[in-house]
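Biologist: I am new to reading models like this one. Could you go through some features with me, giving the idea behind each?

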Amino acid sequence: QITEALLKERDKQAKWNGIPLLLQKLYEQSHPNSDFSQCQSILKEISPLLSMEAMAFVTEDRKAAQESTFPNTYTFDLFGGVDLLVEILMRPTLITQKKKQKISDDLIKDCLSILYNTCICTEGVTRRLAERNDFVLFLFTLMTNKKTFLQTATLIEDILGVKKEMIQLDDIPNLASLVSSFDQQQLANFCRILAVTISELDTGSDDKHTLLAKNAQQKKNLGPSRAEINQATLLNIPGFIERLCKLATRKVSETTGTSSFLQELEEWYTWLDNALVLDALMRVANEEAEQSSTESSDESGLANTSTRTQLPQSMKIMHEIMYKLEVLYVLCVLLMGRQRNQVHKMIAEFKLIPGLNNLFDKLIWRKHSASALVLHGHNQNCDCSPDITLKIQFLRLLQSFSDHHENKYLLLNSQELNELSAISHKANIPEVDAVVNTDRSLVCDGKRGLLTRLLQVMKKEPAESSFRFWQARAVESFLRGTTSYADHQMSLLKRGLLEHILYCIVDSECKSRDVLQSYFDLLGELMKFNIDAFKRFNKYINTDEKFQIFLNQINSSLVDSNMLVRCITLSLDRFENQSDAKVAEVLSECRLLSYMSQMSMRMSFLFRLINIIHVQTLTQENVSCLNTSLVILMLARRKEKLPFYLHTLQQMEYTEKYPGFILNNFHSLLRFWQQHYLNKDKDSTCLENSSCISFTYWKETVSILLSPDRTSPCAIVSYIDEAYMDIDRDFSEE
């Protein structure tokens, strides 16, 4: 509505660079009946003004970029450029069938890249676009066109990143045919977009949320979440999982060859944290110079330096790593979701595990090349280079794959499976059904299975490496479950795993809390009920000084080490009830078992375990302290010593001059335990499996401890003086 004269007059002074005038022209040229023929030349004038700023934003340090202003993109948006482009893009959807307007691919491309550049540089534009649901769903339909796929995908990814409400994949028109129209390269990029739609929004800090808050949340959410619905939608797309497995396991094509122009591209990596940009480069690299004249000016300048070029190997590898990262992430989320068993079946059938095993040395755990490519402003060892992220994603996949599922034996090869059977025969224990029933055509091939390869790299890992945590988690999840322990444990003990863990905990005196916790958990699973493991432990920890370091590490944080304390307590109890000469010998010699057999030590652990948690601060991570304290008391109850333990806790309170503070707290914790674990949705098998104590016995013990009868020798209330009673309060989510 502003006159042209006024715009011209203000232009120089306001440093608008003619953008408002160009927009006015664009508006006139894009009237409902126009053929858009003039629009493109106008956009070609606007585009470089904005892309310069976007380039500056991406290459500058982000922080500096935040402070500097981007006047062109701001002006473009201020004068309605963003809304106008959205309108131009969506125009064909408004017109009736008879008179279908066709917008040229190039025009669509220009509109999208200008929108993207504006989103990058100007606050709030992305969020505004995200609020327009019709536009977001419309963008998905543009993905069917190969020529505009990259620009569309990049823009969608940015928009979904800020969208408040998760989109429903069901709402995307013809989703299944859209996905089937993608080639493998496009499918990998589509996985980047899918990641946002299938992950629960706040799972990042899952361990940190209090259980009270989570339980309250669960009561509110009765139906499945949007993310869960989206996961189900994906699984219903024919052939989807199979294609993901193929993508995850394909080898980097062997073609090599370099050219000067592509070596220049290597330097671009400093800011290429986006697989989509890499794709653009791949395309440029593989296109003939003649065709590339239609590309934007800087790209054609590059492409002209060589007529037909081959990509350097490092770039291909990088590209493949970026893809696999996205695909493994999606598979991992689906493996942890509601349709877990269905996904498991498909992944096994499409041989994901043997495929990853074959890529292990060359791609997943490859040696870092000297020119290891790193993302903007980061050093090589920080956790966000693609190489590192791929390793972590791969380890997370292994962890969720073998967690309480019989398919975990696919991580072995036939020879290693035979070894498990041989161990069972030798020890005279029945073979595990799941081992016998494993389909040998789906297991790893080659000299070593995936689990063995993992153990090999784990032993070579430098002391402070961030991978140790994930490696230990993956191996521990393989050990967990109802399986008869001996065969699994023995095969890992034979490979020197126990000594490696002890070396890390004791000799290198590991300081990282996360790594320590995962190593303690793994050690617990490796030693539980296994007399040979305790024997080996004693052989390695062979001086009082070493044993003291080990105890200091356990005591430095019981939240991290309580699973190991639980395992030692349970094992000791079982060994004491066996009449075997070998067991008796280890019992008398092993420092660890002797230490734990002292009543005062068990009481000290029990006292501290109850003291470090409170109902208000219970999380997924520290609730194990409560269960460990219960295990100690259940074993006491079996030996009819429960009153003695409760009495001792009372004495300990008096010594601390604070009567009632432990037992009142324990009473509240157990009431919470009942609410939490007796919920019909709660899975109690984990508690049974980890302790080999039936869940009924857990429930009975808690009921007895919570009995209101002050004359009962096993009720907590009998040990709190009336004056100090503080147990009637209800806990709600504060």
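Biologist: Which residues does Phe140 touch?

Modeller: Contact means that heavy atoms lie within 4.5 Å. Leaving aside residues up to four places away in sequence, Phe140 touches Ile156, Leu160, Ile167, Ile172, Leu178, Phe190 and Ile193. A word on the source: this is a predicted model, where local features need pLDDT of at least 70 and side-chain atom pairs count only at pLDDT 80 or more, while totals for chains, interfaces and linings use all residues. Residues are numbered from 1 along each chain as its sequence is written, and side-chain values use heavy atoms, with hydrogens and water left out.

Biologist: How many residues does the largest nonpolar core have?

Modeller: In soluble globular proteins, nonpolar side chains tend to be buried together. A nonpolar core is a set of buried Ala, Val, Leu, Ile, Met, Phe, Trp, Tyr and Cys residues joined through side-chain atoms within 4.5 Å. Buried means under 20% relative accessible area, exposed means over 50%, and partly exposed is in between (1.4 Å probe, protein chains only). Here the largest core has 215 residues, and Phe135, Phe140, Met143, Phe394 and Phe550 have the most contacts inside it. Helix H19 (residues 313-335) gives the most to this core, with 12 residues. Helices (H or I, at least four residues) and strands (E, at least two) are DSSP runs, numbered from the N terminus.

Biologist: How are pairs of aromatic rings described?

Modeller: By the distance of the centres and the angle of the planes. Rings of Phe, Tyr and Trp (its six-membered ring) pair if their centres lie within 6.5 Å; planes under 30 degrees apart count as stacked, over 60 as edge-to-face and the rest as tilted. That rule gives 17 aromatic pairs. One of them, Tyr658 with Phe661, is stacked, at 4.7 Å centre to centre and 5° between the planes. Phe140 turns up here too: ring pairs link Phe140, Phe149, Phe182 and Phe190 into a cluster.

Biologist: How many salt bridges are there?

Modeller: A salt bridge is a side-chain nitrogen of Lys or Arg within 4 Å of a carboxyl oxygen of Asp or Glu, and the count comes to 26. Glu320 and Lys324 form one, with the closest N and O atoms 2.8 Å apart. Both lie in helix H19, 4 residues apart, about one turn of the helix. Glu320 is buried at 7% relative accessibility, and Lys324 is buried at 2%.

Biologist: Which parts does the salt bridge of Lys639 and Asp573 tie together?

Modeller: Their side chains meet at 3.4 Å, N to O. Lys639 lies in the loop between helix H36 (623-638) and helix H37 (642-655), and Asp573 lies in helix H32 (residues 558-576), so the pair ties together parts that are 66 residues apart in sequence. Lys639 is partly exposed at 37%, whereas Asp573 is buried at 8%.

Biologist: What is the phi of Asn428?

Modeller: Most residues other than glycine have a negative phi, and most peptide bonds are trans. Phi of Asn428 is near 65°, a positive value in a residue other than glycine. Asn428 sits in the loop between helix H23 (414-427) and helix H24 (433-437), and its relative accessible area of 70% makes it exposed. Cys692 also has a positive phi, near 55°. The loop that holds Cys692 runs between helix H39 (685-691) and helix H40 (695-705), and Cys692 is partly exposed at 41%.
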